[in-house]
Amino acid sequence: MGTFLLPSSSSRYSILLDRILQKSSFRVFAPFRFDFSNTSLLLSEPRRRRLPLSTNQAAQFSRLEDGGNGVPPTIFTAISEEGRIGEVKRVTKETNVHVKLNLDGSGIADCSTGIPFLDHMLDQLASHGVLDIVVRASGDIHIDDHHTNEDIALAIGTALLQALGDRKGINRFGHFVAPLDEAAVEIILDLSGRPHLSCDLQIPTERVGTYDTQLVEHFFQSLVHTSGMTLHIQQRAGKNSHHIIEATFKAFARALRQAIEHDVRRSGIVPSTKGVLSRA
């Protein structure tokens, strides 16, 4: 998805839309005339519309005459109807994991990991991050949950890396503090391309249900490693293990949502003075 701010001072715009899928559309917030090769479409009302695209060609945008009244800055967004998607299959002697992640989803989770508490946490990630996430995993949980927990997180991190692409126009940074009853957890993250985890959780019990609470930090360490994310987790309060962990996932989801959303003032621009966000 690309989001662009069109200034009102110019009467004609030419923007190259690359890598537009066949099932893409524009969201339009003001009257414009669109010319796609031999196809011209006139929007006569300044209201939101979705217009199907059937070409990967350059698009010419011509401002309609406004009678001298002026047209305010206009935002349009080119969006794949399928969204920014990453899909990963990870198969080892210990686990078989399939993850599909849609950053432009609606908060739908369809997760079957064999670890009920982790399924519950992934539900939080989808709901509060407004992501669609599908996870199918099987592993050697007859031994313990360690390998399955780790490989799911590695796959989610890789899918996130794929879905982000070149990261042009995203906010990049995210910060959120989530409470859950007596617990409160703060998350700060940067989709920098540089993996780093700082985790300060004091979880009082060894298990929640059958889930080993040591695996929470290991989950985020694995996700950070493959996504190239800088992540700081700070527990501000909490006595109940379930509440602390759930607040962590909720805060992470909300911070991630901030970071992956598009900044209309950074249309097509990588949010870095280096001009690139990568793991190099």
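Student: How many residues does the protein have, and what share of them count as buried?
Tutor: The protein has 280 residues, and 48% of them count as buried. Keep in mind that this is a predicted model.

Student: What share of the contacts joins residues at least 24 apart in sequence?
Tutor: Take the contacts between residues at least 6 apart in sequence. Of these, 74% join residues at least 24 apart.

Student: How do I read the packing of two helices?
Tutor: Two packed helices are described by the angle between their axes and the distance between the axes.

Student: Is the crossing of α3 and α4 left-handed or right-handed?
Tutor: The crossing is right-handed.

Student: Which residues meet between α3 and α4?
Tutor: From α3 come V216, F219, F220 and L223. In α4 they meet I245, T248, F249 and F252. The residues of this contact divide into seven nonpolar, one polar and no charged.

Student: Where does pLDDT stay under 50?
Tutor: Where pLDDT is low, the predicted coordinates should not be read in detail. In this model, pLDDT stays under 50 over residues 1-80. The model has 161 contacts beyond four places in sequence for that stretch.

Student: What is the average pLDDT of the protein?
Tutor: The average is 77, and 65% of the residues score at least 70.

Methods
Residues numbered from 1 in each chain as written. Predicted model: local features only at pLDDT ≥ 70, side-chain atom pairs only at ≥ 80, totals over all residues. Heavy atoms only, no water. Left-handed = near helix turned anticlockwise from the far one by under 90°. Helix = DSSP H or I, 4+ residues; strand = E, 2+ residues; numbered from the N terminus. Contact = heavy atoms within 4.5 Å. Nonpolar A, V, L, I, M, F, W, Y, C, P; charged D, E, K, R; others polar. pLDDT = per-residue confidence, 0-100. Buried < 20%, exposed > 50% of the residue type's maximum accessible area, 1.4 Å probe, protein only.
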